[in-house]
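Subject: Structure handover

Hi,

Here is the structure you asked for. My notes follow below it.

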Amino acid sequence: MLLSSVVFFPALCALLLSLWPVQKLLKSFALFLSLIEFGISLFILSQFDVSTASLQMVEKYPWIERFGINYFLGIDGLSIWLVMLTTFLMPIVILGSWNSIEKKWKGFLACLFVLQTAMIGTFLAIDAIFFYFFWELSLVPMYFIIGIWGGQRRIYATVKFFIYTMLGSVLMLVAMIYMMFLTEQAFGTMSASLLDFYRLNIPFVGGQFFSLQTLLFFAFSLAFAIKVPMFPFHTWLPDAHVEAPTPGSVILAGVMLKMGTYGFLRWVIPLFPEATEYWAWLFIFVAVLGIVYGALVAMVQTDIKKLVAYSSVSHMGYVILGLFSMNSFGFTGGLYQMLNHGVSTGALFLLVGMIYERTHSREISKYGGLANVLPFYSIGFFIVTLSSIAVPLTNGFVGEFLILLGSYASNPVFTYVAVLGVVLGAVYMLWMFKRVFFGPESVLIKEHPLHDLSVREYFVLVPLVVLIFWMGVFPKQFLGFSKTSIDHLVAHRSDYILMVQGQEGKQP
Amino acid sequence: MYNLNWFSQIGLQHYLLLSSALFICGMAGVLLRKNAIVILMSIELMLNAVNISFVAFSHYQSKLEGQIMVFFVMTIAAAEAAVGLAIMVSIFKRFREVNIRFFERLKG
Amino acid sequence: MISDAILFWILAFLSLSAGLTVVMIANPIYSALALVMTMVSVAGLFVTLGAYFLAGVQLIVYAGAVMVLFVMVLMLFDLKNEVYAFTQGLLTNVVKLGCLGLLAGLLAGTLVLSSYQSQEIQDKVVAAADQTKALGQLLFTQYLFGFEVLGILLLIVAIGAVALSRSRGGTHHV
Amino acid sequence: MNVTIGLADLIRVSPMIALFISSLIPLTVKVLKKNHEPSPQATLIQGLGGIIAAAVLLLTVYFVLSTGPDSTAFADSIIFDGVTLLSGLIALVAAAFSLMLMYDNPSTRGNQFAELTFLTMSSVLGMLVLSSAMDLVVMFIGLETMSLSLYLMIAMSHEERLSKEAAFKYFVLGGFASAVLLYGLSFIFGSAGTTHLSEIIQKTPELITSSRLFLFGMTLTMLGFCFKVSIFPFQAWTPDVYQGAPTPHSALMATAVKVVSFAAFLRIILSQSFVVSENLFDIFQWLAVLTMIVGNVAAILQNNFKRMLAYSSVAHSGYLLVGLITTGITGEVSFAASGVLFYLLGYSIMTLGAFALVSLLEKSENDSISIESLGGLSKRKPLMAFCLTLFLLSLAGIPPTVGFFGKFYLFSAAISQGLIWLALWGVLNSVISAYYYLRPIVVMYMHEGEEQERPMEASFPTQTVVIISAILVVILGVFSGPLFSVIEGVLS
Amino acid sequence: MNHPLLIAVLILAPLIGFLINGLRYQKNSANLSGILATSAAVLSFFVSVILVSEIFSLPQESRKIVVQFFEWIHVDSFRVNFGFLLDPLNSIMILIITGVGSLIHLFSIGYMSHDHGAAKYFAYLNLFLFNMLILVLADNLLVMFVGWEGVGLCSYLLIGFWFKDSQKAAAGMKAFVTNRVGDAAFLLGIFILFLTFGTVQFSDLVAMAPSVAEVSWWGPITLGTLFLFVGATGKSAQIPLYVWLPDAMAGPTPVSALIHAATMVTAGVYMIIRLNPLFLAAPNTMAVIAVIGVLTAVVAACIGLLQNDIKKILAYSTVSQLGYMFLACGVGAFGAALFHLMTHAFFKALMFLGSGSVIHAMHEEQDVRKMGGLKKYLPITHATFFIGWLAIIGMPPFAGFFSKDEILGMSFQSPYGNAAFWALGVFGAILTAFYMTRLMALTFWGKARFSDKLHPHESPWTMTLPLCVLAFLSAVGGWIGIPHVIGELLPGHPENFLEKFLEHSILPILDLPKAMPTMEYLLMGTSVLLAALSAYFAYTMYLLKPEWPKKLADKFRPLHELVSNKFYVDEIYESSLIQPLIQLSKNIWLYVDVNLIDKTTYVVSDLTKGCGGFVRILQNGNAQTYATYISIGIVLILSILLMR
């Protein structure tokens, strides 16, 4: 029941909130609910057994029996932190959007909570169609969040977001259905369970693009690559981020992009080991390209949010680089980088949102000298910047280091290029920091009576800052939960099989 | 002489060819005529062509089902004509127009 | 046999030329009259095929009732002699005609080249009365359901036409 | 030939009889009241009562009286099997909903509601005949009964200009297509020597290769049905007619007519023509693909909401044709057929809902609902806006709605038969379709300041239709598994 | 003694100072902040004195304190603890860092007394100490990297301390980014070494370093050490990454003294010394280091000749001196490098602080052409600066003489060195003597060239005290490393204390030829003599014959232009690297993102819409047209059926 509750409690919250009779206390109530949800996830964390790579807390009920589709939830080391990230960010997002959302609070909160259900569901669903269900469902609330509460070009951005992501995922649906029939051929009964998919032996022919495993591999990869987003499918991201309201950006960058990388980790890599091996170069190439490209393009942006958005492209490139290095460093680093990116980019978007609330401008050129006017805000921003450019002792460093190490171990040449991202990352972030916070105070700043962080904003930022350093200094506490799963994946990548805890002995 | 035989020995084929010719004739009416009522007549023509073919089949296979079919088709054709004319009348009374080009408001 | 052939050719010529007249002639009244001609010749063809009952029905229902309806409506509309029979548009008409020609060719080719079951049939001369009886039997046994529904259809059409005439824009305002 | 027709046959067709008799009630009442329009509520209740009675009888006949697939009546000319039951039920539900819309809609309510009710129910009668016909003759008669009633209904609209045009176009093209279909039937009769479907099905595998006449006949017949279900290139009438006709009628045409036409089409396709004739199979695959594309790309540019829905209905026909083709190549009522019927059910519900909302928005008979005019709906009628959003998302195939699962079953079936490229076209097209389905949502929720002054009357039946449909869209989506099993069980 | 506690106090004292001052961010009491920070630094200094004495008390072979705090990263075979190591090598470093650091903290109290951001300043200074201590105490490469990046960060913050001035902020950024280039290479070095040896612990790496030198350029050790060296060039401002250091003078002067002269910039040298067995195993790397070092020494000195900003002169001087240290490393004289590192820390910190005192007195004037004759206004500053001058130009017996001499001697004698290195080194020394004398002459001697309104006065004791202490150290600091040849001449024959102290930390150069005293005297004498001559020449030129510089400049116009514009290196970087990169970025954004990818999407969507438009055109509303479509459809389908 634990996993069901963590998945569907937010949906219940959405319902409760939309039926909430008065405007009063609405936000507080929502905050309270999101904290309860966080509490549930903490309880799951406390119950989590780190010693096994098997799926835990499994819940499996038949859903569409005709096709072997199940209501199938399970958690393991690969998903636990992503769930935690989601539940952790939610109260922060609600608190952070306290003043930035001006209208239709009820609808907004409902969207947010439905989105949370969809995201957590995506991380926990072990059944293909069930997974796809949440995967597509997550589009809808985000579509509304960007479209209703977004900026000037919100409609363009939100439609682009929706169509792009949907385009990727429909091919995945076809591939999933195909694999269900493959299970029918192989085991006699149709099944959409990922665990059965893992047991499939999909024929692979090296040089041919039009061979079964390669095609399935690319069908899945396209969906995830668009979500991540990988170059050259990234152009929806800057638009979506720029137009989305602050909470939307935070959730989008913080969690939704991880759905793509998680997809690679959970689906693509274990399901299609040969194809992954064979095509890894392509993904590494594209990832490295994305790292450098994202950084370069971020450098010349004039809009802070766009800059952060492109930095996401660069950072997610690291994650992909790590995952496709396919050694424990890469996997661990990739997984860790997902969390880091969630925390630091989430924080960046929150910070950008805070200043946007005050000045209503995101043009870098209109800023200047903020550090003098808003010292504490600047400190917060600076710490997050450090995390983003992966200075040691912040979380970013651990992930980036492991990724690059893993990548060097498997593919030195590409790493030489990827390392450029380390330099360029500093360039674009610090350049932006310099232009916004240093120098003489700009007209814009002088015109607006600015006040430094409010108590609420401290509550938003302090947990993130604490987490930045915590994750940077004691990564072991986090990685310990995922270690067994990653070791299992590394050791059995070519014949990956996942068991359900308590049923390891039995053959399903 | 095959040719002479073909003219003197009337068989199923002849009826079918005639039927197809009439059918095409009717189609041409539907496709080309400007007057909506003539278009209705052309549809009747097509149905008649079909009837010939049914009866011919019925005759040459000595199966009466074909004739039943024709019987039904005739009735339906009558009903169709009634409906079509009723619609036309109601349109004409209101708009004084039977040119098919009149009906181009709905498009795109 | 020859007489049959001659009869067929005459009727075929009549029906086809009348059919073409329906399509070609500008004045709708003439079209209607040509259509009557076609129907009559089709009735004649039915006779050559031994379907006497149908020939009768064809004359009564079609040439009689339906065509009268048409003519009446045409009279009602009081359409003047139209100058152009066809809709304008050279290109579209060429396309239409080409398409029809192709279709005609296809059908003719297929019909000519097809082989037919029981091409030469036993010349079973059945008395008109017997055949009609058989027809009736078939109609009220095997095709009873269709027949009943057809009846309902006629009722529907009758009521519907009346209703339409009484609707807004119809002939009879209430 | 020994044919006996007795009481049993009459009982079998009792749904149709019930429908016919109850359809006469409003008219009789009107006549008895000396041609004064009876109270519309009473008429509506009578109509709905008749439909419900028919539905109940249909269920009774199927589950109580018939034992298996051979439950035919009237000398095998009609059959009561799963296809009949399901398509009949969907058609009845759709008719009931449409009737409720007619009660409210400005272009249909008022002094001819009794006649309209009669014609609607007659049309449904035709649908039942069509969906149960096992004889080509009966099939044709059913088709005509359905169509002629519809022509009359459309022409009777209070709105004069467009609906008359729609009726005329529908009539001319319908008549034309009927003639083509009949011509095809004559060929089939000529080469197979029978009009009975089961005999034809038996003979098909042999005849379709040996007799070109039969092949032509089969093709022309199928194309006649393609016209009814608006498959490219026979789809051209659809947008015009759906747009011009009164909204409830469009709803009826888009749902009930399509459902039963597909059911009849299904019967013909089960003749294994696709299995035998590779050509026919290929042609229909392309038709399916083209239909999807044409429907979707044209819908993108539409501004009239009804017209957009019409094009979307064309696209959905394309998806359904994929399912039909899959059924065709399996050559038996299989899980593909269940997919088709499930999709029809889901599609009918969401389309009805969408049309119901259009109907709800119409103020006068001359009103046309552009997509822009939906602006601000989320503020004025949040619940209705939410329902419309659900319908549109469902049409686009987004979970958790029934539209997603419908597509899932349909494309699963296609994939299971190796028609992956059709499934790919299908899913790609659903992406295109998302583009235009999102537009009304954008307008409703995301445009500001262009709020339309469009006070809506609180019309109870229409809103009921909307809400029931919305609930069904979600419920049938989430619990589609059991439902699908039921459908599959009924069909086999 | 409780070593973990001591080390923890040593490292954490500045951190706590940082936190306290950081939280007092906006408090406007400069003195209190300064006292807090200084006491933290002094506490660290005392603790390091205790620790070093501990080290001394241990037997010579096992002079090593290792402390492991907690496991930091552990993934698969990669395992890194937050571990620290204290041995003779970094005892010297921590003494320099905390000692000189404390002095500079003290100096800063006076220097920053009028600044509003004093609390922030001291917080950063403490944070720097913290990071620097982590850097030198780390027992593995990764923890060293923590400090490595940390000091870079503090440097960034302190250079951009007066961030209201965009140029200063830009200088900070330049420093950080240039350092980042080095850091990225450093990371690659770590990867290569880890993947080669399976560890990043210094002790393991040193132990595993092969005794046989690696010949190939692409061998893992050569590659790894080369990358580490690139990291060092960034941190220690060597060619080609030295450009940030002169700009870094934008920061407060004490910062320049501490970070950009005494401690941080020497981190690269320290790292190489720390890993000396590994570098020795890669002779190719050694050669590269030596060449880069000597080139930097000469080039930076050249640029220094014609600079007019007092701090810039010192900055180039620092770069040049660092070049000497790398030369020493490159020729295998790691001890000499460390020695010079130490003496340089003394005299360069002294000179920077002295310049700070001058600037303070001159009200933020930094141009030497507008000074002159300050000797009488700032007697203490002048006196101490004078000692520093003697030390840097290598006059015996001041500190610089011993260390520089050792380097030059080794560059000649060592198997890795050769005459060219020595000659270039001596040339650099001549240049050094010249520009330093020029600095003295223009600043302190001659006539005053500033306006009368300015009344320079000597600084308070908090500023002069550190000057005095550093002057003392600059004078005598060299005596701990007296060369044998000189030691033998002196009474009591003092042995080379430093060499002995480092005996177990630094690999001796194998087959070092036995030093010939005459040879050494010769070398020594030559360099001292040449330097003295050069100094005299400069003295003449700038004091006695002030018209000479202009004449010379006119005569060698192009050369003068070239040198006074710092060989246009900044401009070349700007035009060949930075601008193209920005242009490239703008272009790829514009062309790839906006025009290619987005346009492609638009084209696809427009194509779809175009198809829609086509369908709409076909849908012309005419029923006959529709019937035609039906007919065409039928014809086509039937003909396809027939044809195939």
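Start with helix H6 (residues 139-149) of chain A. This helix is mostly covered: 11 of its 11 residues are buried. Helices here are DSSP runs of H or I with at least four residues, strands are E runs of at least two, and both are numbered from the N terminus. Buried means 20 or more other C-beta atoms within 10 Å of the residue's own; exposed means 12 or fewer, partly exposed is in between, and C-beta atoms are placed from the backbone. Among the buried residues of H6(A) are Pro141(A), Tyr143(A), Gly147(A) and Trp149(A).

Two notes on conventions. Residues are numbered from 1 along each chain as its sequence is written, and chains are lettered from A and ligands numbered from 1 in the order in which they are written. The model is predicted: local features need pLDDT of at least 70, side-chain atom pairs count only at pLDDT 80 or more, and totals for chains, interfaces and linings use all residues.

Next, a helix pair in chain A. Helix H9 (residues 212-227) packs on H12(A) at about 75°, and the axes are 9 Å apart. Axes are lines fitted to C-alpha atoms, for helices over the stretch in contact, and angles run from 0 to 180 degrees between N-to-C directions. H9(A) and H12(A) are therefore roughly perpendicular, a label for 65 to 115 degrees; under 35 is roughly parallel, over 145 roughly antiparallel, and the rest oblique. From H9(A), Gln213(A), Thr214(A) and Phe217(A) meet Glu274(A), Ala275(A), Thr276(A) and Trp279(A) of H12(A). Those residues divide into 3 nonpolar, 3 polar and 1 charged. Nonpolar covers Ala, Val, Leu, Ile, Met, Phe, Trp, Tyr, Cys and Pro; charged covers Asp, Glu, Lys and Arg; the others, Gly among them, are polar.

Now the chain contacts. Two residues are in contact if their C-beta atoms, placed from the backbone, lie within 7 Å. Chains A and B have no contact, and their closest C-alpha atoms lie 24 Å apart. Chains A and C do not touch either; there the nearest C-alpha atoms are 39 Å apart. Of the 8 pairs of chains in contact, B and C share the most contacts.

Last, chain E. Its secondary structure comes to 26 helices and 2 strands. Of its 644 residues, 58% count as buried.

Best wishes
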